[in-house]
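Try each task before reading its solution.

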Amino acid sequence: MTPLCTQLNLTTPIIQAGMVWVSGGKLAAAAANAGALGTIGAGSMKPDLLSQHIQKAQALTKKSLAVNVPLLYDKAEEQIDTALRLGIRIFITSAGSPKIFTKKLKDAGAFVIHVVATPELAKKCEAAGVDAVVAEGFEAGGHNGRDELTTLTLVPQVVDAVKIPVIAAGGIADGRGIAAVLALGAQAVQMGTRFVATQESSAHDNFKQAILHAQATDTMLMMKRSVPVRLLKNSFYEEIKAAEETCADKDQLLSILGHGRAKAGMLDGDLIKGELEIGQIAGLVHDIPTTEALITRLMSEYRAVSRAFPMFP
Ligand SMILES: Cc1cc2nc3c(=O)[nH]c(=O)nc-3n(C[C@H](O)[C@H](O)[C@H](O)COP(=O)(O)O)c2cc1C
């Protein structure tokens with residue numbers, strides 16, 4: 001186990017990512033019960049709904065849970081207050097400055113993890129008092145950095161740039177991936193795409209099936225001038241692509257996004273008009289296991305690699 005696992009009381013170096021429309025209380029509790037860090041994705045939840053998901057997860061597990069708060073939404077502070085009130089003390093903040101809420105969270109006794117896509121932002125996180133960073137490469141599903149740094153290049157540069165623990169994300173879906181990023185100096189992994197296709201994820205079954213059929217080249221990073229996001233190619237993606245090719249401005253792009261497309265795609269299963277956020281590693285996802293079976297398999301794959309390369313923890 002890495003020092004970060006000990007700090008967070010985990011028995012595996014795996015963080016189940018917070019994901020809009022996908023990671024509710026059921027998935028987070030299942031991940032926590034299997035020894036990973038289970039994370040509720042607050043981004044798609046109003047504070048009342050977040051409160052319900054936290055309480056649901058707490059009823060299903062005694063292990064500690066995390067809440068992911070993307071800072072680009074206007075309800076971020078209410079989400080933080082709701083989670084603090086319900087006893088959450090691990091936060092993964094993303095898509096905003098680490099300066100905004102880190103002090104407030106630290107004053108409340110929380111462990112703060114912030115998502116970064118460059119070594120420079122990792123240094124700013126450390127200066128702001130963040131406890132650990134997620135270094136997320138451009139392979140990742142969901143919102144993403146503009147600079148196209150891949151996980152293989154980003155993780156070691158972040159490890160060298162800061163003293164706080166680094167968690168690797170982007171393109172990891174099996175034990176080989178976990179071993180690879182631990183070899184780069186990461187102390188844990190955060191996995192999103194792989195957990196979308198689990199029994200407990202709240203993604204619509206159509207979305208899960210689309211992931212099983214995805215090839216390595218079926219995703220693309222879009223909206224780089226406004227809110228970069230990696231999407232599975234479908235009609236919605238074509239709509240965004242056409243708008244970008246005709247030089248639509250930020251407001252026009254946001255108005256396409258603004259029609260509830262993410263919910264339509266990921267939660268309601270509209271594979272045509274819906275927005276489907278997923279990572280490049282979708283091509284490696286071939287089944288929809290329970291979260292417990294997945295985590296057990298990931299760890300046994302990881303152990304097989306570490307037996308071949310005994311320098312791993
Ligand atoms: C469907 C989906 C939704 C996501 N939503 C969020 C989110 O709300 N907040 C966030 O910080 N990251 C979000 N992400 C990114 C994940 O937290 C994670 O860092 C990323 O999925 C890791 O890369 P991978 O997809 O290659 O495993 C999302 C990813 C996916 C696939």
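**Exercise 1. Find the residue of β3 that stands opposite Ile40, then place its strand in the sheet.**

Step 1. Ile40 faces Val67 in β3. Helices (H or I, at least four residues) and strands (E, at least two) are DSSP runs, numbered from the N terminus.

Step 2. β2 pairs with strand β3 (residues 65–70) in the parallel sense, over 4 bridges. Two strands count as paired if DSSP finds at least two bridges between them.

Step 3. Now widen the view: 8 strands make an open sheet with parallel pairing, ordered β1-β9-β8-β6-β5-β4-β3-β2. At its edges lie β1 (14–16) and β2 (38–41), each pairing on one side only. On average, neighbouring strands of this sheet are turned by 25° against each other, direction ignored.

Before you go on, a word on the model. It is a predicted one, where local features need pLDDT of at least 70, side-chain atom pairs count only at pLDDT 80 or more, and totals for chains, interfaces and linings use all residues. Residues are numbered from 1 along each chain as its sequence is written.

**Exercise 2. Find the strands that helix α7 lies across.**

Step 1. Helix α7 covers residues 151–161 and lies across β5 (111–116), β6 (132–136) and β8 (166–169).

Step 2. Against β8, α7 runs at about 175°. Axes are lines fitted to C-alpha atoms, for helices over the stretch in contact, and angles run from 0 to 180 degrees between N-to-C directions.

**Exercise 3. Describe how the two domains meet.**

Step 1. Domain 1 spans 3–202 + 284–308 and domain 2 spans 205–281; such bounds come from an automatic or database domain assignment. Taken over C-alpha atoms, the domain centres are 22 Å apart.

Step 2. In the contact, 26 residues of domain 1 meet 18 residues of domain 2. Contact here requires C-beta atoms, placed from the backbone, to lie within 7 Å.

Step 3. On the domain 1 side, β7 (142–143) and α9 (193–196) each supply at least two residues.

**Exercise 4. Which residues come nearest to the ligand, and which element gives the most to its shell?**

Step 1. Of 31 residues around the ligand, the nearest are Ala140, Gly141, Gly142, Gly192 and Gly279. A residue is near a molecule if its C-beta atom, placed from the backbone, lies within 6 Å of it.

Step 2. β3, β9 (188–191) and α9 each supply at least two residues of the shell, and α9 gives the most, with 3 residues.

Step 3. Each of domain 1 and domain 2 provides at least three residues of the shell.

**Exercise 5. Work out how α11 and α12 are oriented.**

Step 1. The axes of helix α11 (residues 235–245) and helix α12 (residues 250–257) come within 10 Å and cross at roughly 170°.

Step 2. The two helices are therefore roughly antiparallel to each other, a label for angles over 145 degrees.

Step 3. Glu239, Ile240 and Ala243 in α11 meet Gln252, Leu253 and Ile256 in α12.

Conventions:
Angles under 35 degrees count as roughly parallel, over 145 as roughly antiparallel, 65 to 115 as roughly perpendicular and the rest as oblique.
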